[in-house]
Amino acid sequence: MALLDRAIARVLPAVPKPVVRRLAAPYIAGPSLEDAVSIVRRLNGERKLATVDVLGEEVTSTAAASEIAQAYHRVLARIEGEKLDSNISVKLTGLGLDLDYGFCRANLEALVEDARVRSNFVRIDMEDSTTTEMTLRLYRELYAGGRENLGVVLQARLRRTLVNAVGLANVRLCKGIYIEPASIAFQDPEEIRENFRAALRVLLDQGSYVGIATHDEALIVDALAQVRERGLSPDRYEFQMLLGVRPSRGDALVRDGHRLRVYVPFGTHWYEYSMRRLQENPTIAGYVAADTVRRVVRR
Ligand code: FDA
């Protein structure tokens, strides 16, 4: 990321919320389930799969967590009712992980059961490193209890990832968005890439189903080589991308016969997710500057 972009990323929290909202609009389906459904329908029409995320994390009350859980049940029902090709992605802090492990587990298990009877699947997103251990524990407990329509996420940024990869059946592999200390996480982008490549090798070699979640061309090229070397058929892995990021690269993957799943967030709690996406956008300085100029000119 260029120096100016990095500086802008640091001052992003000072950018007015309406501006953040406008800049982040391409990354979010909209405030309602209806918005998510229409985006998923469009993606399916382009032969892309989806995973729907109800925005909301780090809730501070059981009522808020239950609300998010109920929203996910409605998503599962709509996916089935509309025959959409989509699963769901959940954040455990949205289901109450910070409040009570058992309460969060019950929320998650109810969702996994609902998904099972509808022949669907639940992906547990990975949040910051304070949640890694509990997230993997919860995944392993449920999987060992026969919950096989469930997958988890590993972050190549974390040093522990190669060890954690061993034995996991269904994994989304990504770089990891959360800033973590050097004691537990690689800081150098090339080291993060190398760990991504190594984790992908471990996962594919042990027969895991992998969601290869990256827009980084070097990693996409490496992943294509890895699946080719192993002669894997396209139903043994999938590429994953975020809504609004490199859609034409996604089109090309689909044209070449690969499965591509797009992460579709919706809801009214858009701020935290939007900030993370904007901080990663390599051209954010230009966007913020252009928006500022537009507002000044309008005055
Ligand atoms: P990188 O950030 O280097 O981006 C590569 C290129 O993609 C950039 O050069 C640019 O062209 C483009 N790009 C990337 N982000 C952009 C943006 N916001 N706007 C415009 N262009 C952009 N993380 C996590 O910690 N836990 C999780 O559960 C998930 N889940 C998840 C699901 C899916 C489907 C994806 C694709 C990603 C995640 N992530 C995640 C986020 C992930 O960890 C990572 O932060 C982002 O994918 C960005 O990393 P890349 O590998 O794409 O590389």
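This report describes the nonpolar cores and salt bridges of a predicted model.

## Basis

The model is predicted, so local features need pLDDT of at least 70 and side-chain atom pairs count only at pLDDT 80 or more, while totals for chains, interfaces and linings use all residues. Residues are numbered from 1 along each chain as its sequence is written, and side-chain values use heavy atoms, leaving out hydrogens and water.

## Nonpolar cores

A nonpolar core is a set of buried Ala, Val, Leu, Ile, Met, Phe, Trp, Tyr and Cys residues joined through side-chain atoms within 4.5 Å; buried means under 20% relative accessible area, exposed over 50%, and partly exposed in between (1.4 Å probe, protein chains only). The largest such core has 73 residues, and Ile88, Leu95, Leu108, Phe239 and Val264 have the most contacts inside it. Helix α4 (residues 62-81) gives this core its largest share, eight residues. Helices are DSSP runs (H or I, at least four residues), numbered from the N terminus.

A second, separate core has 18 residues, among them Leu23, Leu242, Tyr263 and Tyr273.

## Salt bridges

The whole structure holds 31 salt bridges, each a side-chain nitrogen of Lys or Arg within 4 Å of a carboxyl oxygen of Asp or Glu. In one of them, the closest N and O atoms of Glu46 and Arg42 are 3.1 Å apart. Glu46 is partly exposed at 30% relative accessibility, and Arg42 is partly exposed at 42%.

Glu113 and Arg116 also form a salt bridge, at 2.9 Å from N to O. These two residues lie three residues apart in helix α5 (residues 101-117), so about one helical turn separates them. Both belong to a salt-bridge network that also links Arg105, Glu109, Arg137, Glu141 and Arg147.
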